[in-house]
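Hello,

Here is the structure for you to look through. My notes on what was found follow below it.

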Amino acid sequence: MAHELPPLPYDYAALEPTIDKQTMTLHHDMHHGAYVKNLNAALEKHSELFKKTAEELLRDLNAVPEDIRTTVRNNGGGHVNHTMFWKIMKPKGGGEPNGPIAEVINKKFGNFNDFKAKFNDAGAKQFGSGWVWLAGKSGEVQIITTANQDNPISQGMFPIFGNDVWEHAYYLKYNNRRPEYLAAWWNVVNWDEINHRYEAFKSGKSVHELEMAHR
Ligand code: MN3
């Protein structure tokens with residue numbers, strides 16, 4: 001089965017004014033669209049790999065033949081990262097976290113404001129393109145950054161949620177002011193979806209099982 005670009009779960013303009021319609025249109029249709037297209041094109045060369053989910057490919061990149069490994073890492077990562085990204089945002093999102101994710105944030109980081117400051121600082125300092133994450137491992141959570149489209153799955157970690165700090169995510173509206181984008185982004189965060197993901201992590205589910213359960 002070829003990988004497919006999932007539809008945006010809301011209108012392209014729905015996250016305005018935090019994220020503008022043009023950025024969402026280009027980001028979803030062109031950038032995410034290209035990751036899916038390039039992933040499928042690479043897998044055509046080893047079509048038995050269509051049996052694996054994108055998450056499975058990323059979890060064990062060494063099992064991917066060398067001639068397509070980098071392409072799968074970049075484009076499979078781009079696909080999985082953005083599939084999460086659209087869902088962990090929503091119109092009229094934001095506000096204080098609630099439920100289990102609020103508890104773990106307060107326990108680990110003291111309070112939401114201190115957590116946000118650390119997360120935004122890590123995202124601002126990520127040199128070049130990449131992502132800032134709250135990732136889980138062995139029951140614990142931590143803030144990490146990854147370069148390019150690398151996903152925490154490839155490091156044996158669970159991506160609870162992440163923000164895209166590639167310039168394509170913010171440059172049309174925020175220009176070079178990445179910290180301003182990072183600060184504003186919390187206005188569209190979907191805490192319900194993040195709680196789903198956190199609960200999946202705590203119960204030992206894979207990201208793919210989580211996605212399937214959502215359908
Ligand atoms: Mn992106």
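The manganese ion is held by four groups: His27 (NE2), His82 (NE2), Asp164 (OD) and His168 (NE2) coordinate the ion at 1.9 to 2.1 Å. Please keep in mind that this is a predicted model. Along the sequence, the donor residues follow the spacing H-x54-H-x81-D-x3-H.

Another histidine, His46, sits in the loop between α1 and α2 (54-59). His46 has a relative accessible area of 17%, so this residue counts as buried, the cut-off being under 20%. Apart from neighbours within four places in sequence, His46 has contacts with Pro65, Asp67 and Ile68.

Next, the sheet. Its 3 strands are arranged in the order β2-β1-β3, and the sheet is open with antiparallel pairing. At the edges are β2 (140-147) and β3 (158-164), each of which pairs on one side only. On average, neighbouring strands of this sheet are turned by 25° against each other, direction ignored. The antiparallel pairing of β1 (residues 130-137) with β3 runs over 6 bridges, and Gly136 is found opposite Phe158 in β3.

Two helices accompany these strands. Helix α7 (residues 178-185) lies across β1 and β3, at about 125° to β3. Helix α8 (residues 191-202) packs on the sheet and touches β1, β2 and β3; its direction makes about 150° with that of β3.

Regards

Key: Residues are numbered from 1 along each chain as its sequence is written. This is a predicted model: local features need pLDDT of at least 70, side-chain atom pairs count only at pLDDT 80 or more; totals for chains, interfaces and linings use all residues. Side-chain values use heavy atoms; hydrogens and water are left out. Donors are N, O and S atoms within 2.8 Å of the metal (3.2 Å for Na, K and Ca); water is not among the atoms, so sites may look incomplete. Helices (H or I, at least four residues) and strands (E, at least two) are DSSP runs, numbered from the N terminus. Buried means under 20% relative accessible area, exposed over 50%, partly exposed in between (1.4 Å probe, protein chains only). Contact means heavy atoms within 4.5 Å. Two strands pair if DSSP finds at least two bridges between them. Axes are lines fitted to C-alpha atoms, for helices over the stretch in contact, and angles run from 0 to 180 degrees between N-to-C directions.
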